[in-house]
Structures are given as C-alpha cells and as structure tokens.
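I opened my notebook to look up a few packing details. Here is what I went through.

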Amino acid sequence: MTQPQARPPIGKIVVLIPTYNERENLSLIVARLRVAVPEADVLVLDDNSPDGTGAVADRLAADDGQVHVLHRMRKEGLGAAYLAGFAWALEHDYGVMVEMDADGSHQPEQLRSLLVALADADVVLGSRWVPGGTVVNWPIHRKVLSVGGNVYVRVLLGMPIGDATGGFRAYRASALRTLDLQQVASQGYCFQVDLAWRAIRAGLSVVEVPITFVERTIGDSKMSQDIVKESLRSITMWGVRYRFGQVRSLVHGEPRWHRLKS
Ligand SMILES: Nc1nc2c(ncn2[C@@H]2O[C@H](COP(=O)(O)OP(=O)(O)OP(=O)(O)O)[C@@H](O)[C@H]2O)c(=O)[nH]1
Ligand SMILES: [Mg+2]
C-alpha cells in the first residue's frame, strides 16, 4: 500500500446495486440509502429478474430523479452487472462508484465511513474481518467459508487484506480507469478478489474500514457451489502464477511484483 497523499475531492457519488429477484428488498435499501447519504445517486443493475424487481426499480426511478436503472437482458452474474454499471458511471462522469448489495447485508448508514476514508485512498473496502468488523446472524458454515476463503487469498496472493471477498466498496473513478476492466471475466466472489488484486498490483491505495454485515432476512441468496468453485479455481490459478513469478524473480534477481500481469 502507498502512503496517503493529498487527493482531489471525491466528486459525484453513484451507488451501484445489482439485483436479481430482490423485489421486496430493493425499495427498503434504496429508501435507507437516500436518507443516509442523500447526495449519492443510485443505479440499479437488474438482470431481468423474473420476480419483477425491474418494474420496482422503474417506479423508484420515476419517483426520484437521483435513482436510475440499467435493465440487462439476462442473468449474467454479479461481475458482469458491475462492469456494466462501472461503464455507465464512468460515461456519466461520476467521481465515486460504490458497490452495495440489495439484500440488506450492507448498511447504507455505514457508507459515510467508506466515503470519509476515500478522501485519502483510491479504493475503500468495507471489511468484516478487521477489528471492529462484524457479521450478524451468519451460520457457522458461512463464517468458515468466508474466513477460510480470505486466508486462502492471503496465503496464495500475499494480499495484505482482511476481507477481499466483501462487496461493500467505494472506488474512485480514477482508480477504476487504471484497472483494465475489459480483461475482467470473474463473476461471483472472485470478482471482488480480482478487483482488489488488480488495485493492489496497480499500486493504488487500498484501505479497509470495519462494517457490520447482516444476513439477509428477505429473499434467497444467489450464492452457489458454482460460485465457490469459480473462486477456488481462479484464485488458485492467480496464486500459482504469482508464486511462480516470485520464484523466477528470485532466480533472475529482479523484482517482478509490479510487472505481473494476470
Ligand atoms: N444483476 C445481478 N445481480 C445479482 C446476480 N447475482 C446476485 N446478484 C445480486 O448481488 C447481490 C449479492 O447477492 P446475494 O444473493 O446476496 O449473494 P451474496 O451476498 O454473495 O451471498 P449471501 O451472503 O448468501 O447473501 C444481491 O443484491 C443480488 O440480488 C446476478 O447474476 N445479476
Ligand atoms: Mg447477500
């Protein structure tokens, strides 16, 4: 991580909310967000949810000029939805792009602390696994999966991050522009690891702030075995490549960290 330095003001904020079958959650989360951070705009990224979440988003947008909707044709995963949202936000000259789930797991009331930290950083990660971070109502197997996954990421990628899989984040637009987003193919949890890993390798300042993560009470999780498998496969591949690169650099006596490409 680089030293904090004077950075330009963060600029216009947009909160990207990916949705798939979140009809009941969406209005609740948008209402909380609009109260907690009234200056932030909202972009709902809906993958043509069969339960009619897209129509709910349209109603919210009709009632509030700061709410926008991107309707996507089909379910393509969280990563693809966020990439479409980033592209939209960059085109519309936002200075900060926030990632936040629709299911109530991320607290809009804690967004302010992420934005405050962004004054001295390029990327801020809301973190469950740093001092002060907590999870509420998570079954033990989810905790084990999350803690274990993060240990695996630290061991393989050597990333100094407590919670690389979390999805409550704020990026400066300038940071996203440097991340080669066209090359990102990850979909599930590993989308978050992928972006954190790219940001760190790009030499950006990535900081973590503690958050309270609350298990959803409405609707169904989209977490699946396929998402876990994708993460395991990708992180293992990146890690092996990275560790081979380190061995090569030891043999050839040159530092390679900053030149590694995925
Ligand atoms: N647009 C879009 N949104 C998605 C997709 N999959 C999940 N989401 C949304 O992404 C957010 C996170 O998904 P969740 O189902 O809560 O998954 P999770 O938070 O990783 O897992 P849990 O901890 O079990 O809730 C929610 O707002 C979902 O509606 C998708 O394929 N497309
Ligand atoms: Mg969730």
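Which residues in α1 meet which residues in α2? I found R23, L26, S27 and V30 in α1 meeting T53, V56, A57 and L60 in α2, where contact means heavy atoms within 4.5 Å. By class, this contact has five nonpolar, two polar and one charged residues; Ala, Val, Leu, Ile, Met, Phe, Trp, Tyr, Cys and Pro count as nonpolar, Asp, Glu, Lys and Arg as charged, and the others, Gly among them, as polar.

A note on the source: this is a predicted model, in which local features need pLDDT of at least 70 and side-chain atom pairs count only at pLDDT 80 or more, while totals for chains, interfaces and linings use all residues. Residues are numbered from 1 along each chain as its sequence is written, chains are lettered from A and ligands numbered from 1 in the order in which they are written, and side-chain values use heavy atoms, with hydrogens and water left out.

Next I checked the geometry of that pair. The axes of α1 (residues 23-36) and α2 (residues 53-63) come within 8 Å and cross at roughly 25°. The two helices are therefore roughly parallel, a term for angles under 35 degrees.

Then I turned to S113, which sits in helix α4 (residues 111-118); helices here are DSSP runs (H or I, at least four residues). S113 is partly exposed at 35% relative accessibility, the class between buried (under 20%) and exposed (over 50%), with a 1.4 Å probe and protein chains only. Its side chain reaches the backbone oxygen of Q110 at 2.9 Å. I also noted that 7.4 Å separates the C-alpha atoms of S113 and V209, which are 96 residues apart along the chain.

Key
A polar contact is a pair of N or O atoms within 3.5 Å; within protein, one must be able to donate a hydrogen and the other to accept it, and residues adjacent in sequence count only if both atoms are side-chain atoms. Axes are lines fitted to C-alpha atoms, for helices over the stretch in contact, and angles run from 0 to 180 degrees between N-to-C directions. Angles under 35 degrees count as roughly parallel, over 145 as roughly antiparallel, 65 to 115 as roughly perpendicular and the rest as oblique.
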